[in-house]
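Have the model open and follow along.

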Amino acid sequence: MISLEVNGVAVSVPKGSNLLAAARAANVKIPTLCYHPDLKPGASCGICVVRQLVPSRNPADNGKFVPSPKLLRACCTEATPGMKIITHDPDIVQVRKTVLELILANHPNDCLQCPRSGSCELQAIAADFGIRENPFPKEVVHHDVDKSTPSIVLNPDKCIKCGRCAEVCQEMQNVWALEFIGRGEKTVMAPAAGVKLADSPCIKCGQCSAHCPVGAIYENDETAKVWAALQDPEKVCLVQIAPAVRVAVGEAFGMKPGALTTGKIYAALRRLGFDKVFDTNFSADVTIMEEGTEFIKRFTEGGELPLLTSCCPAWTDWMEKYAPDFTGNFSTAKSPQQMLSALAKSYWPEKNGVDPKKVHVTSIMPCTAKKYEISRDEYMSASGQQDTDVVLTTRELARMIKAAGIDFESLPEEPADKLLGAYTGAGTIFGVTGGVMEAALRTAYCLITGDAQPPSIDFQAVRGMDGVKTATIDIKGTKVNIAVAHQMGPQERRQAALRLHRGDGVPRRLHRRRWPALPGDGRGPRPAHRRPLHRRRKVDAPHVAPQPRGPVPLQGLPRRQDRRAGRQEGAPPPPHRLQAGRGLQLLVRPRVAYAQRRRPRRFRRGRSFACCLLPTAASSRRG
Amino acid sequence: MGSGGLIVMDETDCVVDIAKFYLDFTVDESCGKCAPCRIGGRKLLNYLKKITAGRGTEQDIADMQAICDAMNKASLCGLGQTASNPVRSTLRYFMDEYMEHIRDKKCRAGKCSRLIQYKIDAAKCRGCTMCAKKCPAGAISGELKQPHVIDQSKCVKCGACEATCKFGAISHA
């Protein structure tokens with residue numbers, strides 16, 4: 001613990017804490033704008049400045065502590081023992097206010113039309129500072145709004161250049177789609193190399209919009225399409241809601257976080273005018289049966305293993321773009337959203353004597369990537385037309401409910417409609433990390449053993465929000481190794497890829513979600529805590545029991561032994577994916593020197609090559 | 001002027017113009033990462049441009065001082081922290097020149113082109129037409145051997161006429 005003084009109050013904080021944490025310990029809130037607890041401090045806004053008291057150099061002062069003329073940024077200054085900090089004095093407050101006024105002078109300030117109105121951090125801090133008039137002349141540089149993807153809208157006019165989006169895209173998600181382009185006053189937040197977002201490596205995970213403090217990045221609003229369909233007398237409007245939505249909608253109406261509002265959402269959707277209300281949990285069950293069966297088939301008959309599964313289109317997109325060698329390991333099952341929509345446009349109309357062309361399917365999903373999924377390829381039109389017509393995020397649904405004047409909290413609990421509305425508990429746990437894996441394995445267990453109910457298998461090992469978790473499940477004497485990766489940053493992904501690749505402790509299934517925390521308000525969750533640094537080392541720990549069938553050769557990738565020994569004669573060198581420069585991916589052939597190097601220090605994190613090569617165990621442990 | 005150096009200039013240099021020159025450089029050099037330097041630098045430069053164009057107000061001086069203070073204390077690196085020094089030191093030592101620009105719309109050094117006017121002294125003008133021929137804007141008119149006049153709305157303050165006149169009839173103020 002570090003002891004220091006904040007505004008004359010003695011506090012102690014854990015080692016490594018910044019001055020924001022120290023101030024919190026003294027019950028003082030230092031205003032911040034660019035800082036986000038999930039991310040490395042960017043130190044760009046200059047709002048969180050504080051003053052340090054330092055011993056006077058004047059001998060007459062006799063070592064008295066005097067205010068230092070320079071200010072420190074609290075977000076990126078580590079608390080050190082004996083530090084004395086002043087967080088608020090008239091001068092500091094004036095500096096903060098001027099900086100804020102400067103930022104506001106270059107911001108459009110069209111709050112009434114802004115999608116972030118009410119949840120904007122700039123709006124909130126301007127209110128905290130009581131800014132009524134801005135002395136500085138307004139100068140907003142106009143840029144075109146990027147609406148090239150169906151999921152995310154970029155409006156650089158509103159950007160305050162805090163750097164959160166680029167940081168989350170590059171460091172947390174390891175996508176490297178967003179970047180600051182230009183310098184000085186011409187700095188603009190844009191997809192790398194200045195292309196449109198749709199042409200960038202963006203995977204539409206929505207983490208940039210979840211972390212944007214203002215309305216510069218937001219989800220594409222498609223409520224108008226749904227209103228139009230609801231008003232069309234010709235259309236039969238069906239709707240499905242995803243597992244993760246049922247908790248998040250309640251929060252949008254000020255209910256307690258975690259309040260389950262499934263019945264109320266069904267009721268609200270009926271009052272909005274939807275003809276039938278279905279639940280994606282139904283098709284989550286279908287997905288599980290499908291994936292469980294596929295796993296058994298691959299496991300018993302021999303197929304591409306490990307089996308990789310995720311319902312998240314952002315993950316699929318990421319794997320296709322950054323780890324295409326693994327596409328053969330994907331489960332071929334569609335996501336529950338697409339399964340239910342396909343059924344709603346084929347099976348349901350047939351059973352109910354409705355023309356499938358008149359069916360309009362809306363799905364309520366927690367994620368912006370789902371908007372992109374519905375039109376990603378021709379398989380998303382299995383019914384002959386686009387299966388899902390519109391995807392709404394949780395917040396769009398909340399807006400529709402508010403616009404329709406529905407008193408959500410006092411709605412009665414209603415059931416979902418029959419046929420595609422029933423589900424088991426397996427579908428519900430889709431919403432949690434590792435849930436898909438758990439549900440599919442339970443199913444696989446029952447299908448393999450013929451038991452109706454798996455005995456007490458400890459699936460707890462793969463639950464939770466750690467980076468990568470592995471476990472071994474014993475199915476009547478056959479050991480199955482599983483791994484769940486949660487929000488794979490570079491380190492976690494390298495570890496998982498390494499173990500997959502080495503063959504020792506190969507996970508049989510790898511389930512992964514792109515989100516760092518529990519599902520939230522429709523732009524992806526708003527994560528609560530910064531990732532602890534020690535996690536990097538922690539992921540190294542798990543040792544998995546020896547697997548029964550020996551190492552699984554992976555097509556197109558060299559095994560560790562092969563890499564060490566050099567390649568077989570005549571065999572083409574396997575492609576390695578290097579990350580060369582920001583936002584650019586290069587496929588190059590590895591040099592022999594690389595293969596023979598014992599301790600490739602240069603593959604440590606932070607170097608330009610670091611992310612996508614598969615390092616040796618020694619180097620990743622150090623990294 | 002920000003670098004710790006001392007620059008000696010005579011009365012033919014305008015301090016507001018010099019501050020503008022230095023700030024133009026630092027605005028160009030700013031990397032754009034931190035808000036005080038990125039936005040503050042540009043705003044300061046715009047205020048100086050406004051003052052040298054004769055549109056400054058006394059409120060501008062107060063606003064500039066606030067920006068200088070914020071840039072100095074809240075910028076991340078040395079460039080931003082010192083970028084406002086030319087303005088700070090000229091405001092401190094040459095406030096009267098700033099006030100002349102703002103109140104009297106005058107630049108005593110004659111450097112701020114928007115604040116000066118070229119005039120032809122009719123008594124000295126011999127009507128040689130050389131100035132009219134040299135004027136790039138066609139702002140000077142007059143008959144041969146008659147005193148010429150400058151159309152102020154057309155004048156671009158280039159000073160070509162003053163340099164051309166052999167009789168010292170043209171001056172600026």
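## Packing in chain A

In this predicted model, helix α9 (residues 280-301) of chain A packs against helix α11 (residues 336-344) of chain A at an angle of about 105 degrees, and their axes are 8 Å apart. Since angles of 65 to 115 degrees count as roughly perpendicular, that makes α9(A) roughly perpendicular to α11(A).

Who does the touching? On the α9(A) side you'll find A:Thr280, A:Phe282, A:Ser283, A:Ala284, A:Val286 and A:Thr287, and they meet A:Pro336, A:Gln337, A:Met339, A:Leu340 and A:Leu343 of α11(A). Sorted by class, the contact of α9(A) with α11(A) comes out as 7 nonpolar and 4 polar residues, with no charged ones.

Now for the sheet. Chain A has 5 strands forming an open sheet with mixed pairing, in the order β2-β1-β5-β3-β4. β2 (9-13) and β4 (65-73) of chain A are at the edges with a single partner strand each, so one side of each has no neighbour in the sheet. On average, neighbouring strands of this sheet are turned by 35 degrees against each other, direction ignored.

Further in, strand β1 of chain A and strand β5 of chain A run parallel and are joined by 2 bridges. Along that pair, A:Val6 stands opposite A:Ile85 in β5(A).

| Pair | Angle |
|---|---|
| α9(A) and α11(A) | about 105 degrees |

Note on methods. Residues are numbered from 1 along each chain as its sequence is written. Chains are lettered from A and ligands numbered from 1 in the order in which they are written. This is a predicted model: local features need pLDDT of at least 70, side-chain atom pairs count only at pLDDT 80 or more; totals for chains, interfaces and linings use all residues. Two strands pair if DSSP finds at least two bridges between them. Helices (H or I, at least four residues) and strands (E, at least two) are DSSP runs, numbered from the N terminus. Axes are lines fitted to C-alpha atoms, for helices over the stretch in contact, and angles run from 0 to 180 degrees between N-to-C directions. Angles under 35 degrees count as roughly parallel, over 145 as roughly antiparallel, 65 to 115 as roughly perpendicular and the rest as oblique. Two residues are in contact if their C-beta atoms, placed from the backbone, lie within 7 Å. Ala, Val, Leu, Ile, Met, Phe, Trp, Tyr, Cys and Pro count as nonpolar, Asp, Glu, Lys and Arg as charged, and the others, Gly among them, as polar.
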